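Q: Hi! I'm new to this one, could you walk me through it?
A: Happy to, here it is.

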Amino acid sequence: MGFAQFPDNLKIMPSTACVLLLTICTVTASGCVDASCSLLGPRKDCGYVGIDKEGCEGKGCCWSPATAAPAPQPNEAWCFYHNADVSEYELVTAKDTDLGWEGILRNLTSTQPELGPDVTSLAIKADTSQADILHISITDLHDERWRVPSSMFPSADQRQRGLQKSKGAEYDLVYNTTPFTFSVVRADAANVPAIFDTTGQRLVFKEQYIELSTGVDANSSLFGVEERTASKGLRLQRAGIPLGLWNHDTLAANADTNLYGSHPFVLEVRPDGSSHGILLLNSNAMEVVISEDRLSWRVTGGMIDLYIMMGPTPAAVLEQLTSIIGRPALPPLWSLGFHQCKWGYKHVEELAEVVAAYKAADIPLDAMWTDIDYMDGYRDFTLDPDNFAKDKMQAFVEQLHGNKQYWVPIVDPGIKVDRGYPAYDQGLANKAFITDFTGQPYLGQVWPGATHFPDFLSKAGVKYWQEQLQAFHKLAPYDGLWIDMDEASNFCTGDICHMAQGAEPNASAWLCPNAQTGTSNDCQLVCDTEADLAKLTPEQGLYREPPYLIDNAHGQLLGHNTIGTTAEHADGTVEYNAHNLYGLSEAVATYAALQKVISKRPFILTRSSFLGTGAVAAHWTGDNAATWADLRESITTTLGMGLVGIPFVGADICGFSGDTSEELCGRWISVGAFYPFSRDHNTLGAAPQELYLWEAVADAGRRALKMRYRLLPHLYTAFHEANKQGSPVAKPLWFAFPDEAATHGIDDQWLFGDVLITPILDQGATKREGYFPKGKWYNLFDNSTIDTHDGGKSVTLDLPMGHVGVHLMGGTILPMQQPALVTADVAASPLTLVVALPHLEPLAHFADALAAQFKTKPGSATHGMTSAQQQGEVEKIQSIRSQAGDRELLASIAAASKMVQPGLRQAVTAGNKCGVSEPGRVTACGKVFADNGDQLQATEYASSLLDLHAEMMQDAATGAWQGRLTVTVNILATGAVESTRCSDSLLWPKIDSIVLTGMVAGQTVHVQSEVEDLVHTVPDEQVLVKQEQGQVVISGLQHQVDCNQSSTWLWTSADLQFLGAF
């Protein structure tokens, strides 16, 4: 074999015939199990109902009951074919390419024929063009295979892609030729476990079964593989239990099964905090299996499209992931407020009563939602002519808009089969629907009865959908859309279905029993008759029941309660391959439509999801229940979805199904107010649970939601960072503190932006332990402090009903605004900048520190001076201090030596590290993002990002602490506004107050202001200074932030001489 010249980061290991077989020899009471049988391997059923151990082994098969350790899912086969035999390929050719290298793999050893024949020749490509992402693809050399269309990621590739091999890659790719294995290690990192290593693992590649495995560090923590309600927490368990990925309409209240979304991504965090990510970009049904030392994918089709992200921090991994699947969308500002919904609002008047009741209770509310109740016979894009009549609904929405509130209705993908119904007629005429394997529009059933489903992978389907949304907006001017049932959900199971004999084709005369009350979802269609199934080709039969069955919804076929897997899209794609993309494709089409329909930034909420959904939609965690377990599990699901690129996520507050209680609902709103997406919603027939119905819940809602609304500028900034960097908005503690191993197992606390949330999650509890990472933490309700600067620790918090722990870490500057009942009023209020100082540690010796302070260093005011000159400057300042009054102090210093003022400015603009805490010096920083709140981020768009930097330094001569806060304005602009760098459409914030936490001070303040070298004095009576709850509040600044202008404020702790503003 001859090899071309390879990149520097590619290393070839000598060929070897020595292979570590992936076998498990389990010792039981009867001895050693056959080494070709693996408890953790793929199980193809070899038995029959009622088979026992003797019968199974008599057939030459493996026997392992569900009770065997490490216990697999109970619905897995107990009797299965041998599943641990070797499967190998060899690398027979390889050559260098512009982006990396490519080669051909040839099958050496076949295995498990019951799963189909092996693909004998594979094409492998390694793209090394990006220094921090390695992309490896393996597919059939001769036949094109399904892969996820790039159209599903319209906002991907936001950062510059490499056009040639990277010369400074952060990884080394090492491979062995015979058998072919490869490993990825960090470049220049010795004695560190590999990031990805297939040594000793099987490589299986069949038409409908692919298996890829890597060893994993036994001490690392793994996260990802969403979506599921995890009963054992956010961190993935390593018991070898298959985690199925296949979008399915299963109640979120059902733990530990596949749910509405599929995200084949794993984030690994090692004990030292170093992190990396592994993405298998494949939409076919699959299982991810994790044991103590191995991570495996079992995929039922497509190809190996593998991305290895080098991190090395969790934040870097998410930045790398979202560069592939698309950065999360920036939501409109109003959508960050509180939302109210219920399935079962009877008429438009009830909607108005709910809105009014929230206002009367002084509880914030930004958006009112309507479930399927508003529709005419559950037809999309219609209004019930009696209870939600057009004129009344338009008047209601107009009233909402007048109150600066918004309306969001539900829209399901199922289009009612009903001649004369425009959405149905137009869909047929434009061939906009998915077809069954006979070429007819696929017939399913959801709330309106018999339905067809739009084909969102086709141009005709997308155009049709946009036209329907345009017409619906003219009928009822919605502000956002809620797309539900988009897995797609189907009350029937079948590859081809018909209306029952005698049923009228006009579906308005054919509804499910009790459909008007929504209580029945029994299938009324006739599906998969023997005559119809006889028409399936052998290939189609394998789409219906593939050789390997993943664990879907605890043992169901892939077509269970969804569009049949033999259904086809306009381009010939079968639903077997594209099923997991249905909700994403609908969201992509809806996002594009709303940009045109409302000409504002779209807000879309989706239930179904796939990689990239966050780029176009928010997500709620589905149909949970009003239980304490669901409350706790809602946090792990919310955090988990943020780790796969969907930061705008939350659960139904107070629970969807069942009746909630006053205590549960009160505790839940204290949690849900700090979900990124915050909505109260419950089901038809359940007791109402609007927050104002119980006084204790109303109190809890007011307290928690008003804190959320005060945090609005911080929350909006967190979404801006997600939009630019892919970071979650609700983050596990380890995301920000990966080097603190104690955080890796915590999933009942989280960071809301940079604010630590610690709630009560147990019935009857009023106290709990909360972990506080290393630092100094301030309670945002009462400014009490928790000092952990010597190391993270658990602290007992007293949290009676209505209270939740909300803490800010020292080293952070937090922008806050005044609470109000709607986000528009919050956004119009002035900013308060809360400067949370880290632990203050004084200088040990003033004299020694003074000398150190004035050592010559680049950028310092005394750089280049002799020691005598430096001493002269110090004496000059000391003289000024003894002679000048408080008001004139800063101006005298600047005029006498020009030393302090330039030095201060230099330190601020030098990008000082945030949260520094060292003898005689601390720093803090933050950001504030601002735009007009809903403008499209395309063509002409302007926004501002305020960089906030604060520093406190102890004067080496007097011991007084002096501080400064600088606000630097950065204009972010696109299109025509870029040339002016300013825009009238941009809402410039006003800064009214600065709150200093972590310092002690006196009573007086004097202010000067300098902008663009124009100095004027602010009257003393305009500025108020007071100490309250252990903090210093400087208010009345009335500083209007303006384009291209920066400002600095200075103060001293001697008697709080707030010396000036520049």
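**A chat about the structure**

Q: Let's start with one cysteine. Is Cys341 buried or exposed?
A: Cys341 counts as buried, because its relative accessibility is 0%. Keep in mind that this is a predicted model.

Q: Good to know. How many helices and strands does the protein have?
A: The protein has 21 helices and 58 strands.

Q: And what share of the residues is buried?
A: Of the 1062 residues in the protein, 62% are buried. As for contacts with a separation of 6 or more, 72% of them are between residues 24 or more positions apart.

Q: Back to cysteines. How many disulfides are there?
A: The count comes to seven disulfides. One of them joins Cys492 to Cys523, with an S to S distance of 2.0 Å.

Q: Where do those two cysteines sit?
A: Cys492 is in the loop between strand E28 (481-483) and strand E29 (497-499), while Cys523 is in the loop between E29 and strand E30 (525-527). The pair therefore ties together parts that are 31 residues apart in sequence.

Q: Which hand does the disulfide of Cys492 and Cys523 have, and why?
A: It is right-handed, because the torsion about the S-S bond is about 95°.

Q: What about Cys497, which residue is its partner?
A: Cys497 is joined to Cys527 by a disulfide, S to S 2.1 Å. Cys497 lies in strand E29 and Cys527 in strand E30, so to speak distant parts of the chain, 30 residues apart.

Q: Which hand is that one?
A: The torsion about the S-S bond of Cys497 and Cys527 is about 110°, so this disulfide is right-handed. Cys497 is buried, with a relative accessible area of 6%.

Q: Let's switch to pockets. How much space lies in the largest pocket?
A: About 1500 Å³. Its lining is made of 44 residues, and those nearest the centre are Ala736, Phe737, Asp754, Met809 and Cys914.

Q: Which elements give two or more residues to that lining?
A: They are helices H2 (314-325), H14 (712-725) and H15 (733-736), plus strands E41 (775-779), E45 (812-816), E48 (921-930) and E49 (941-954). H14 gives the most, with five residues.

Q: What classes of residue line the largest pocket?
A: The lining has 16 nonpolar, 16 polar and 12 charged residues.

Q: You mentioned Cys914. What does Cys914 form a disulfide with?
A: Cys914 pairs with Cys925, and their sulfur atoms are 1.5 Å apart. Cys914 is in the loop between helix H20 (900-909) and strand E47 (917-918), and Cys925 is in strand E48, 11 residues apart. The link is right-handed, with 110° about the S-S bond.

Q: Now helices. How far does H11 reach?
A: Helix H11 (residues 628-642) has 15 residues and reaches 22 Å from its first C-alpha to its last, close to the 21 Å expected at 1.5 Å a residue. Since 13 of its 15 residues are buried, H11 is largely enclosed by the rest of the structure.

Q: And what about the span of H13?
A: The 16 residues of helix H13 (residues 695-710) should span 22 Å at 1.5 Å a residue, and the end C-alpha atoms are 22 Å apart, which agrees. Buried residues in H13 include Val697, Leu705 and Tyr709.

Q: Which peptide bonds are cis?
A: Among them are the bond joining Thr178 and Pro179, with omega about -10°, and the one from Glu487 to Ala488, with omega near 0°. Pro179 is in the loop between strand E10 (171-176) and strand E11 (181-186), and Ala488 is in the loop between E28 and E29.

Q: Why point those out?
A: Because most peptide bonds are trans.

Q: Last one: what is the phi of Asn783?
A: Asn783 has a positive phi of about 65° although it is not a glycine. Asn783 lies in the loop between E41 and strand E42 (785-788), and is buried, with a relative accessible area of 9%.

Notes
Residues numbered from 1 in each chain as written. Predicted model: local features only at pLDDT ≥ 70, side-chain atom pairs only at ≥ 80, totals over all residues. Heavy atoms only, no water. 1 Å grid on protein atoms, 1.4 Å probe; cavity = no way out; pocket = protein on both sides within 12 Å on 5 of 7 lines; lining within 4 Å. Points joined across faces, edges and corners; volume = space filled by probe spheres on them. Helix = DSSP H or I, 4+ residues; strand = E, 2+ residues; numbered from the N terminus. Nonpolar A, V, L, I, M, F, W, Y, C, P; charged D, E, K, R; others polar. Expected span 1.5 Å × (residues − 1). Buried < 20%, exposed > 50% of the residue type's maximum accessible area, 1.4 Å probe, protein only. Disulfide = S-S within 2.5 Å. Contact = heavy atoms within 4.5 Å.
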